[in-house]
Each structure stands twice: as structure tokens, then as C-alpha cells.
Amino acid sequence: MVNFTILAGGFSTFIATYVFNNDTSTLTLINETTTGENPSWIALHPNNSNVLYATNEVEPIGALQSFSVHADGSLSLVDTVSTGGSGPTFTNPLSTGEVSAINFGSPNSDFVATLPDDPLHFVTNSTVVTFPVSENKSNPHMSLEYNGEVFVADLGADKIWRLINDGAPGQFSVQGQIDIDAGSGPRHIAIRDGILFTVHETTSTLTAQVIPGAPNGTTFPLLANVSIVPTDLNFTGNFAAAEILISEATSAFPNPLIYVSNRNLGPEFDPRGDSIAIFEFTQTALNLSAPTTSRRSHARDLRSHGLNARDGEIQVINTINGTLTLQSQVFTGLRQIRSMALGNKADGGDAFLIAGANLDGGVAMFQRTNEGRNMTLVATNTDIANRTSFVFV
């Protein structure tokens, strides 16, 4: 028997603690810890599972909180700091000691430094990063640290901002961006093997693209672009994509797979609930090193793949083509999935995925099957109607 402890944030004044027993397939609510208002997103410290961060998604100025996690899954509030903006919808700790606070309701984000050797206490002199947009068309939604940068997906501006630390704790600035197709609404992102995967809220699509070198604003053509909405629908719904997860390869699940959640905003709803779509990304090398006609045509070939070459030059270029292939659509019984989480592979928890409803349906635990290409519902808990983010501790 293995008991998995899961913490869950939501639009409320508490963080919930659940225990999942994989032998009995039961998911039990065991605790509710009082927090600030609307702890909608929570995140564990990467090196210390006794440290939890949570946003307070409120207007006009939100907050970031830190908690000690106890052995029984309960929490103790340690520190609270302003995020300098409205409605912080996401947080995650960085390797450099800061904790991000992504202010969805204003065109800015904060990267709050913590005390050296004390990740539970915040330093209050961080500078809010304002994104260079016109007419306040900015709704930043997520941050992701990668290769010395912090990427911020901006749903309103249709950009992935590229940020760097300016040399002092809590001091970041924008050094460039990746432009996204207008009106697509990049919400959440994931990166694997140098490929940027983006789930777009407005178009309910999943895309893959090569990450260009920093710091410029270059954007390479998409390798793949697919809808995540189920095709067997016979009702009128308004879909808005939400979360993306990429699994890690293990002996039980040898191929990394991409899990993305659909939210149906109505007016009609599927009795099966919203779905989680599972995709596999495959790539093939494309060698453009040998022009077949002329140097000028070779330069055109390179430009068609988002690469630069001056006429008269012959370059040896290796790039890739990619394909996103749908493996399955798993219907969850939940209404409006905002987030989900995979368990920790170290204790076999990656065999399970938890998701929650933003409206109603409670919390559902799924077991991954067919090497992760499908999932089976194994437990639900409806003691709380809605939860919006999760971590396995």
C-alpha cells in the first residue's frame, strides 16, 4: 500500500489536503488549512518539499504566501508579500531563489526574492517587471525557467516574454520575446529537448516550435499545430484550453507524453465532463545542407524553415519536422478543469494524474494505462466542489 498526499488550491480561503490510497482506490479529504483569499495556484519548492508557495488571486493587488508543510499534510503560514499587480494566477520557485508571481489582471509580474538559506521568508524589494505592450493588452498567465531565462506566457499579448535576472536578487527584465499567432492566447507552456509546447486558450490548440536563440524576437515556424477539442461532440460549447503537462520517461512509461486539459465554458455541457487530451510528439531530422539547384534557391529553402542565409552562402543546417498525434481523449466528469498534476516518479506516483473542477465535480484521480497513452478513473472526492491546482508531497 502507498498513501499519496496531495495539496490542492482553489478559489476559497483554504488549501485542502487529500490522501490517495492506491490499494483501496480511495481519495480522502483530511484537512483544510486557512490561507489568504483565493489560493488558486500552489507550488512546492523544488529542493524542499516542506516549503509551499501560494498566490492570492485577488484584485486590485494580489499576494504571495509561503507555508511550512507538516508530516500530516497540514500547513502553517509563514510569510505574505504583495505581488505588485492584480490577480496573480500562477507561481513557481526559481533556481536562483526567487518565487514568481504572474499577475494575470495587469501587464506585469513579480519575482520575489527569498532570504538566503531561508526559502520561507520573502525579501520585499523586488522590482515588478512591466511588459512592453500597448493599451494594456497583456494577461500574463505562467512562468517557466529554462536555460538561464524565465519564459512568461502572455495570453493577452500573444507573446512568450523572455526574461533574465539583472544581477541582483529579485531584479528581472525583458530581453526579448517569441511572437505567437494573433488571437491564439498562449496560456501555459512546457519545454522538452529544446521544443516549446504551448497550449492556447482562445483557439484550444496545442503547438510545438523550436526555441530560437536569445535574446532577439525571432520566431520560427511551428513544427505542429493541432486542436485539443474532442471531435465527437453534438452540443454547443465554448472551449478554452487550460493546462499542459509532459510526463518523464520511465521503464513503465517509456515515452514522454503530453497531457492537455479542455475547459467547456458552455452554454451546453457534455454529460461526460470535460476531457484531458493525450498527445505524443515525434520528430524527424531535416538536413538542408545540400542545395539542389542554386545557392539562391538554397537560401530560400532555409528561410522557409525560419533560418537565415545570405545569397551566395552554403550552410550546413540540421533542423527538424514534428508531428503531434492524439492518443486518446479521457472524459473526466469534471466541469472546467483548470489544472492537473502527475505524481512523483520517485515513489511510483507518476502512474497517477489528479485533476479538479473549477465549477463542480470535485477532484478526480486517474491511473495511467497503455504506457500512459490512456487513463482510467480510479477515485473521486466531491467534499469540495472545485479545486484549481495540485501538488503531490
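Select Ala8 first: its bridge partner in strand S29 is Phe390. Strands here are DSSP runs of E with at least two residues, and helices are runs of H or I with at least four, numbered from the N terminus. The model is predicted, so local features need pLDDT of at least 70 and side-chain atom pairs count only at pLDDT 80 or more, while totals for chains, interfaces and linings use all residues. Residues are numbered from 1 along each chain as its sequence is written, and side-chain values use heavy atoms, with hydrogens and water left out.

Two strands count as paired if DSSP finds at least two bridges between them. In S29 (residues 389-392), Ser389 and Val391 point one way and Phe390 and Phe392 the other, and all are buried; buried means under 20% relative accessible area, exposed over 50%, and partly exposed in between, with a 1.4 Å probe and protein chains only. In a regular strand the side chains alternate between the two faces of the sheet.

**Aromatic pairs**

Next, show Phe4, Phe20, Phe352 and Phe392, which ring pairs link into a cluster. Rings of Phe, Tyr and Trp (its six-membered ring) pair if their centres lie within 6.5 Å; planes under 30 degrees apart are stacked, over 60 edge-to-face, and the rest tilted. The whole structure holds 11 aromatic pairs. One of them is the tilted pair of Tyr53 and Phe122, at 6.1 Å centre to centre and 40° between the planes. Tyr53 lies in strand S5 and Phe122 in strand S11 (residues 118-122), so this pair ties together parts 69 residues apart in sequence. Both Tyr53 and Phe122 are buried.

Move to Phe197 and Phe281, whose ring centres are 5.1 Å apart with planes at 80°, so the pair is edge-to-face. Because Phe197 belongs to strand S18 (residues 195-200) and Phe281 to strand S23 (residues 275-287), the pair ties together parts that are 84 residues apart in sequence.

**The hairpin of S4 and S5**

Return to S5 (residues 48-56), which pairs with strand S4 (residues 42-45) in the antiparallel sense over four bridges. The two strands form a hairpin with two residues between them, and His45 stands opposite Asn48.

**The largest nonpolar core**

Now select Phe111, Val150, Val152, Ile160, Leu163, Phe172 and Ile189, which touch the most other members of the largest nonpolar core, a set of 23 residues. Such a core consists of buried Ala, Val, Leu, Ile, Met, Phe, Trp, Tyr and Cys residues joined through side-chain atoms within 4.5 Å. Strands S13 (140-146), S14 (149-154), S15 (159-165) and S16 (172-179) each supply at least two residues of this core, and S14 gives the most, with four.

Leu257 lies in the loop between strand S21 (237-246) and strand S22 (258-267). Leu257 counts as buried because its relative accessibility is 0%. Beyond four places in sequence, its contacts (heavy atoms within 4.5 Å) include Leu245, Ile278, Phe279 and Arg373.

**Charges over rings**

Select Arg272, whose charged end sits over the ring of Phe331, 3.7 Å from its centre. This requires NZ of Lys or CZ of Arg within 6 Å of the ring centre and within 35 degrees of the ring normal.

**Confidence**

Finally, colour by pLDDT, the predictor's confidence in each residue from 0 to 100. The chain mean is 91, and 91% of residues reach 70 or more. Over residues 290-318 pLDDT stays under 50. Where pLDDT is low, the predicted coordinates should not be read in detail.
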